[in-house]
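Here are some friendly notes to read alongside the model you are about to see. Keep the 3D view open and find each element as it comes up.

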Amino acid sequence: MSKKWVYLFQEGKADMRDLLGGKGANLAEMTNIGLPVPPGLTITTEACNEYYANGQQFPAGLVDQIKEALAQVEKQIGKKFGDENNPLLVSVRSGAKFSMPGMMDTILNLGLNDRTVEGLARATSNERFALDCYRRFIQMFSDVVLEVPHYQFETVLEKHKERLGVHYDHELDAATLREVVKEYKAITRREAGVDFPQDPMEQLLLAVKAVFRSWNNQRAIVYRKINGIPDHLGTAVNVQTMVFGNMGNDCGTGVAFTRNPSTGEPALYGEYLINAQGEDVVAGIRTPQPISTLQAEMPEVYQQFVAVCKILENHYKDMQDIEFTIERGKLYILQTRTGKRTAAAALKIAVDMVNEGLIDRKTAIQRIEPASLNQLLHRRIDPNAKLDVVAKGLPASPGAASGQVVFDADEAEKLGLNGEKVILVRMETTPDDIHGIIQAQGILTSRGGMTSHAAVVARGMGKPCVCGCEAIKIDYENEQFQVGERVFRKGDIISIDGATGQVIAGQVPMIDPEISAEFELLLSWADEIRTMKVRANADTPEDAAKARQFGAEGIGLCRTEHMFMAQDRLPIVQEMILAENKEEREAALAKLLPMQREDFYGILKAMAGYPVYIRLLDPPLHEFLPNQEELVVEITTLKLTGGDPAVIKAKEQLLKKVRALHEFNPMLGHRGCRLAITWPEIYAMQVRAIYQATAQLIKEGVDARPEVMIPLVIEAEELRKLRELSVQVAKEVMAEYGVEVPISVGTMIELPRACVTADEIAPHADYFSFGTNDLTQTTLGFSRDDAEGKFMQDYLDQKIFAENPFIVLDTRGVGKLMKMATQLGRQANPALKVGICGEHGGEPKSIFFCQEAGLDYVSCSPYRVPIARLAAAQAALGDVTRDK
């Protein structure tokens, strides 16, 4: 007996997403709870994977099972597939485990041919409707299955609308549609080299194959990549009885959310079109009406729909995205899925549902994608700014952006990858534009509503989007758009506000975001659950204050070299580097001491009551000196132009020192603690400045808590010597000021040798802080700049790496070293604190690993602190495999 490849809707359940895909599982669940779902069948994801394993051939038994299940659907609906008098028509749609809106292919009205279209016309007494369905089917089938370019059909349609002087598709009469069908079939024959298939079963099997193939189309691959969806899952195929929203003015189709996906407000949010089919709404071909107007046009249907929304939200305990069709006054539900939403909406919905008793706090915390909080931590348009508003569309995805106008997705991608800010301007976007949307700062469309492709994708990415801005007239050929008398050409700067729908000429001033009450409340719940502390990487009092505002519990990395780079200090730093002996060097360091003390005073004060891990000087000294090649050019120019001999001599001495300090690989050279082994007076000055600032603050009644971090240690003796130096200097300062301060000295673990000898290093350390930026480079043997700039993308494309190890922690390599260091270190020093301060400290997947590895804290940039707080709570809940 062959494997079961096909399930009727009534045979499935909500927990069968792996097998039936999200859409199929939800159709089954809605069927079983008694909602008005047109009957149908689901072909499993296993059948898709078997199709690929068989060299793109159906697995044994699949065709027979499709025919058997279709016979059951015929009995349920009272119509026969291919019948010339009262034909059963079906839709064929993809449905992966995780929602991928618009990324894969759909075919509607399947089962129509030259004979059944006449039967449909007789059965419905509506010739125009039947021919409209047929022309749509020919277009979709030819596009998806036979790969005939979509625009060729649109050109024909536009020609007829222009000839008749009408604007909308539904204004074409039956005679015109009959001519359109004839021309469509001619296009198919010419472009595909075959006649349009007339056998409904052949149509169905070809359509199923096409949906399977669409799992690996370019846009689906890109979508999976940016959303972290595995490639091996495959897609299910849903074959569902057609219901028709285009039979007249008592029909319609729409998409609605049970709550507002932009703000989270608990009110129906969506759109519908009278006398239309589903793709008209999502494709943005016509601008739809808000769902609220349905209450006036079809009050009974509206009330029924409100009741269905309530049932679905209570059943799934989450905001739902629902597709529906009204056929001759009767409501049908075609799909429900967990609705995509902005981060602001996600927070409000989660908190509201806790308050409504639908979910508990832990569930609310698990609902929020940590990385999505980035959407709330960026700037918006300054409300006091004077704006040159040129047009207004629909506010489809909140946030604001400025950039140069581009009309082509390929160009948007190219410019975006080059670091330029662009606004992608289109009549409407399609799934094929996704690569350009990814790189754009924002999206502006002249057509479509708030559930169009552009709106849904932008909201999911947290990008601002303005849709349906009909005032702009786009001219692709001349690469410009016009608003009234004003013309905006490619390259002109515009701004968009996705919260108001405004389109603004030029660049606009932005202001920092404000954190909502729901944001603060949910993060406070997260703080009650997480076990890891969250600290920030901050080098200035301003950064420290921002980090504290976002909930940081201290500073996990304060880089002192940034303080040396200030223009007023650089000459003194260079004086210190160029010193010929210890006395000259100490004289220069004495000038730097009060400056460093002031730095540490501000940071320790801003983070009063919390620990501040201050990393002593890390980079090689050549970074503070002029570039060697530039110096040579400067000296040569001075000589050729009769420059001052004294200046030339000084420059030549500087060049001599630069050459003496030159290293072939400075990142593995004389830097970090190695500098202090050679010149301990540098670290002595920094430690003195730290504890002088601390003593001054304590005398002022401020709870300052410094902790000294020694970078780049590979040998226990390095740390022993430098710890001894640090403790000695700290005690001298305390004696001088008459205060007592707990002394803490730790090390940054950023080299493999430090990991494998951690048991030897730990007795001399109060803490370990993993510097995973350098640890990743030295473990993989990759230079980050070279790898990311030259070959990392090849590794990702060829799936040698699943993710960029400089963004997501390499748990199988770097992670093993971290676990080893943690275990060895704590065996030798049970009181050892362990944390991470590389960029991975703010990346959610890496934070899950840190929880698993038993770290005490993570540290990240100030704006990632909220992300880390939430991710740490989810990690404490063991929420490693959350659904997308």
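1. Let's start with strand β16 (residues 400-406): seven of its seven residues are buried, so β16 is largely enclosed by the rest of the structure. Here buried means under 20% relative accessible area, exposed means over 50%, and partly exposed is in between, with a 1.4 Å probe and protein chains only. Helices (H or I, at least four residues) and strands (E, at least two) are DSSP runs, numbered from the N terminus.

2. **A word on the model.** This is a predicted model, in which local features need pLDDT of at least 70 and side-chain atom pairs count only at pLDDT 80 or more, while totals for chains, interfaces and linings use all residues. Residues are numbered from 1 along each chain as its sequence is written, and side-chain values use heavy atoms, with hydrogens and water left out.

3. **The partners of β16.** Which strands pair with β16? Strand β23 (residues 493-497) pairs with β16 in the antiparallel sense over five bridges, and A400 has D497 of β23 as its bridge partner. Two strands count as paired if DSSP finds at least two bridges between them. Strands of a sheet pair through backbone hydrogen bonds, either parallel or antiparallel.

4. **An open sheet of five strands.** Now look for the sheet with the order β1-β2-β7-β5-β6, which is open and has antiparallel pairing. Its edge strands are β1 (6-8) and β6 (106-110), each of which pairs on one side only. From one strand to the next, the twist averages 20 degrees. Between β1 and strand β2 (residues 40-43) there are three bridges, and L8 stands opposite L41 in β2.

5. **A helix on that sheet.** What packs on the sheet and touches β2, β5, β6 and β7? Helix α8 (residues 200-214) does, and its direction makes about 145 degrees with that of β7 (235-241). Such angles run from 0 to 180 degrees between N-to-C directions, using axes fitted to C-alpha atoms, for helices over the stretch in contact. Contact means heavy atoms within 4.5 Å.

6. **Two nonpolar cores.** A nonpolar core is a set of buried Ala, Val, Leu, Ile, Met, Phe, Trp, Tyr and Cys residues joined through side-chain atoms within 4.5 Å. The largest one has 129 residues, and L522, I710 and F770 touch the most other members. Helix α26 (residues 680-699) gives the most to this core, with eleven residues. Leaving aside neighbours within four places in sequence, the contacts of L522 include L347, A350, V351 and L870. A second, separate core of 63 residues includes F129, V144, V156 and M242.

7. Is T776 buried or exposed? T776 lies in helix α30 (residues 772-780) and counts as buried because its relative accessibility is 0%. A polar atom of its side chain lies 2.6 Å from the backbone oxygen of T772. Not counting residues up to four places away in sequence, T776 touches G781, P805, F806, V814 and H840. T778 is found in helix α30 too, but at 26% relative accessibility it counts as partly exposed. The side chain of T778 reaches the backbone oxygen of L775 at 3.4 Å. A polar contact is a pair of N or O atoms within 3.5 Å; within protein, one must be able to donate a hydrogen and the other to accept it, and residues adjacent in sequence count only if both atoms are side-chain atoms. Beyond four places in sequence, T778 is in contact with L668, E750, L751 and P752.

8. R328 is not a glycine, yet it has a positive phi of about 50 degrees. R328 sits in the loop between β11 (320-327) and β12 (330-338), and its 46% relative accessibility makes it partly exposed. K799, also not a glycine, has a positive phi of about 60 degrees. K799 is in the loop between α31 (784-797) and α32 (814-828) and, at 57% relative accessibility, counts as exposed.

9. **The whole chain.** Finally, zoom out: the chain has 34 helices and 33 strands, and 56% of its 884 residues are buried. Along its principal axes, the C-alpha trace spans about 105 × 65 × 50 Å.
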